[in-house]
Amino acid sequence: EPVVLIVDDKGGVSERMIRTGRVVDNRWLVTEGIRAGDRVIVEGLQKAKAGMTVRAVPAGAPAANGAPAPTGAAAPRKD
């Protein structure tokens, strides 16, 4: 089953198993495992891992360099 990375309210990353229905073009129909309000990492997956703390960037918010951030991007937190 597919696994997605979810960011919690404190920036913690965890893995969650999901169930999918059909695929339309490059979009998956998720039937179980994600709830309204969940923040799924869709960019930066090569850097994010379960157990990390990240700074989630909402769609359209400016990134650190002032450029618009991609939807669901996550970057390692630099506290």
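Where is the place of Val23? Val23 sits in strand 3, residues 19-24. Keep that residue in mind; we come back to it. One caution before we go on: this is a predicted model.

Three strands make an open sheet, in the order 2-1-5, and the pairing is antiparallel. Strand 2, residues 13-17, and strand 5, residues 39-40, are the edge strands. Each has a single partner strand, so one side of each lacks a neighbour in the sheet.

Now strand 1, residues 3-7. On one side, five bridges join strand 1 to strand 2, and the two run antiparallel. Val7 has Val13 as its bridge partner in strand 2. Strands 1 and 2 also form a hairpin, with five residues between them. Gly11 is in that turn, and its phi is positive, about 90 degrees. Strand 5 is joined to strand 1 by two bridges, again antiparallel. There, Ile6 has Val40 as its bridge partner.

How many residues of strand 1 are buried? Four of its five, so strand 1 is mostly covered.

The largest nonpolar core has six residues: Leu5, Val7, Val13, Ile41, Ala48 and Val54. In soluble globular proteins, nonpolar side chains tend to be buried together. Look at Val7 in particular. Leaving aside residues up to four places away in sequence, Val7 touches Gly12, Val13, Arg39, Ile41, Val54 and Ala56.

Strand 3 pairs with strand 4, residues 27-32, in the antiparallel sense, over four bridges. Two residues lie between these strands in the hairpin. Is Asp25 buried or exposed? At 74% relative accessibility, Asp25 counts as exposed.

On to charges. Side chains of opposite charge can pair when their charged atoms come close. How many salt bridges does a search of the whole structure find? Two.

Arg16 and Asp38 form one of them, with the closest N and O atoms 2.5 Å apart. This pair links distant parts of the chain, 22 residues apart: Arg16 is in strand 2, and Asp38 is in the loop between strand 4 and strand 5. Asp38 is partly exposed, at 22% relative accessibility.

Arg19 and Glu32 also meet in a salt bridge, 3.7 Å from N to O. Arg19 belongs to strand 3 and Glu32 to strand 4, 13 residues apart. Arg19 also stands opposite Glu32 in the strand pairing. Arg19 is partly exposed, with a relative accessible area of 43%. Glu32 is partly exposed too, at 45% relative accessibility.

To recap. The open sheet runs 2-1-5. Its strand 1 is mostly covered. Strands 3 and 4 pair with each other over four bridges.

Note on methods. Residues are numbered from 1 along each chain as its sequence is written. This is a predicted model: local features need pLDDT of at least 70, side-chain atom pairs count only at pLDDT 80 or more; totals for chains, interfaces and linings use all residues. Side-chain values use heavy atoms; hydrogens and water are left out. Two strands pair if DSSP finds at least two bridges between them. A nonpolar core is a set of buried Ala, Val, Leu, Ile, Met, Phe, Trp, Tyr and Cys residues joined through side-chain atoms within 4.5 Å. Buried means under 20% relative accessible area, exposed over 50%, partly exposed in between (1.4 Å probe, protein chains only). Contact means heavy atoms within 4.5 Å. A salt bridge is a side-chain nitrogen of Lys or Arg within 4 Å of a carboxyl oxygen of Asp or Glu.
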